[in-house]
Amino acid sequence: MAAACVARGSSGSAAFAQNAEAKYSTWSKVEAAPETRAYKENLREGGGLDATLRALLELTALPQLALASNRSTIERTRRRMRELLLTEIADEKAFEDASQVFLDFFGKLARDEDADLLVRINALLLVGELKAKDGKPWPPTAGPLASAARDAKLPSAIRVAATAGLARHAEAARATGEDASKALAADALPAIVAILQEPVEKDTSVELDWLVSRSLSMLPSLGRWAPKEVAATLPQLLAKLLEDPLRSVDVRVRAAAALGAMVVPTSGVNGPQVISAIRSLAISGLEGDDAIAASRRLEQEYIVLLGAPDATVAQPAGPPGLGQPGTPSTLAITEQVGRRAAWRLVTLADAIAPLDGKGGLAVLSTNTGTQATDLAKILRDFGMNLDKIPDKQSLNDAVAAIHAPATGTPRPQAPQRQPKPEEPAAEEPATDPAASPFDSP
């Protein structure tokens, strides 16, 4: 979702210098051009990327991304460039040479301050979409993407595009195996650590939250390859993020997940302090959702009491607790909010004590191990209950249950409530650090 959003972002007025020299006025004319057909035929038949074909790319085809005439279809133009010009290349060296032309051209364009911002964003998105012949991200793009992702001088939207591409590399490396993750870590880890260390600025807090969230999702698979000096400080950095009230709830949840995946008894992290921070985080997240729900409910009641026109419009029927608009009797908890709350609780539970019994924050202290695993069970049980029945009662039950151990009351059990017939039971919420009910937290 993030890539699509930035691809359609606002554009400035700067014109790319090559616009005036374009041989063809639109990308569709390039696709139909005889030299483009000759390019395809030559490379399909095993030819190399000679000077003529290279010139077609650099002077005719690739500059099309910056043309104002292609602005309304820039996403399609970006996709078609790769599909038309980098597929069906028989010779391996020719493929590598053509891909390198793409990387050099669009990497430079993405950093061109005189170019239109929308063009720069799409240029870097295209770099992140370059693929090897096996369909995986093309390895040479990892370094430039990491460099752009960590460059605080670049516009946030460009850094988002770079980080999205880098995350694609991380996902592919994790699926491929340890050697791939180790190779990627050399480029990606310095960028990830730099992003995690950036101070929060009010004007860019939303963008930084996204960058930090993506970086945290990559860390568990790459962090084990960190140099000793970096590995020694990562747990403390993650603990700091987890405890930072200036960060969003979702960023702090992801920090807990990454810390739980990487921590060992010798990490130098204060176990009781971290467990206490997770308890407070879980409660503040739920109470924040409850406060939003209460505000929504008051707004609905206000509309009805005023007799506003909106209040008389027939609303679709729906189950109580799912926040149907215009019905003040509802509990004003949307299903999406309930599922997000469930994801948070189950993710925090896994950060403390994963179901497979391997690792987790509970290993940090034998004195608090039982308390930590008890908290993990509460978070998981009531998170699953919220996922099954995402209403205010489930939310209130979870808040009370998480508070209970801190107040000395007996550990509560998740209520045996069943969804109403019109409320289908949800699947178990995903607990991967990269997962979320939202595309972009």
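Which residues does Arg-247 touch, not counting residues up to four places away in sequence? I looked this up in the predicted model and found Leu-196, Glu-198, Val-200, Leu-208, Val-212, Leu-241 and Arg-252.

I then checked where Arg-247 sits: the loop between α13 (234-243) and α14 (249-262). Its relative accessibility is 7%, so I list Arg-247 as buried. A polar atom of the Arg-247 side chain lies 3.0 Å from the backbone oxygen of Glu-198.

Next, the chain as a whole. I noted 19 helices and zero strands. Of the 441 residues, 48% are buried. The accessible surface is about 20,500 Å², and carbon and sulfur atoms hold 53% of that. For contacts with a separation of 6 or more, I recorded that 74% join residues 24 or more positions apart.

Salt bridges came next, and the count is 21. I looked up three of them.

Arg-80 pairs with Glu-83, with the closest N and O atoms 3.2 Å apart. The two are three residues apart in helix α5 (residues 74-85), so about one helical turn separates them. Glu-83 is partly exposed at 31% relative accessible area. I also found Arg-80 and Glu-83 in a salt-bridge network with Glu-31, Arg-76 and Arg-79.

Asp-97 pairs with Lys-93 at 2.9 Å between the closest N and O atoms. They are four residues apart in helix α6 (residues 92-110), again about one helical turn. Lys-93 is exposed, at 56% relative accessibility.

Asp-289 pairs with Arg-344, the closest N and O atoms being 3.7 Å apart. This pair links distant parts of the chain, helix α15 (residues 271-306) and helix α17 (residues 335-352), across 55 residues. I noted both Asp-289 and Arg-344 as buried.

Note on methods. Residues numbered from 1 in each chain as written. Predicted model: local features only at pLDDT ≥ 70, side-chain atom pairs only at ≥ 80, totals over all residues. Heavy atoms only, no water. Buried < 20%, exposed > 50% of the residue type's maximum accessible area, 1.4 Å probe, protein only. Polar contact = N/O pair within 3.5 Å; in protein donor to acceptor, adjacent residues only side chain to side chain. Contact = heavy atoms within 4.5 Å. Areas by Shrake-Rupley, 256 points an atom, 1.4 Å probe, with all protein chains shown as cover. Salt bridge = Lys/Arg side-chain N within 4 Å of Asp/Glu carboxyl O.
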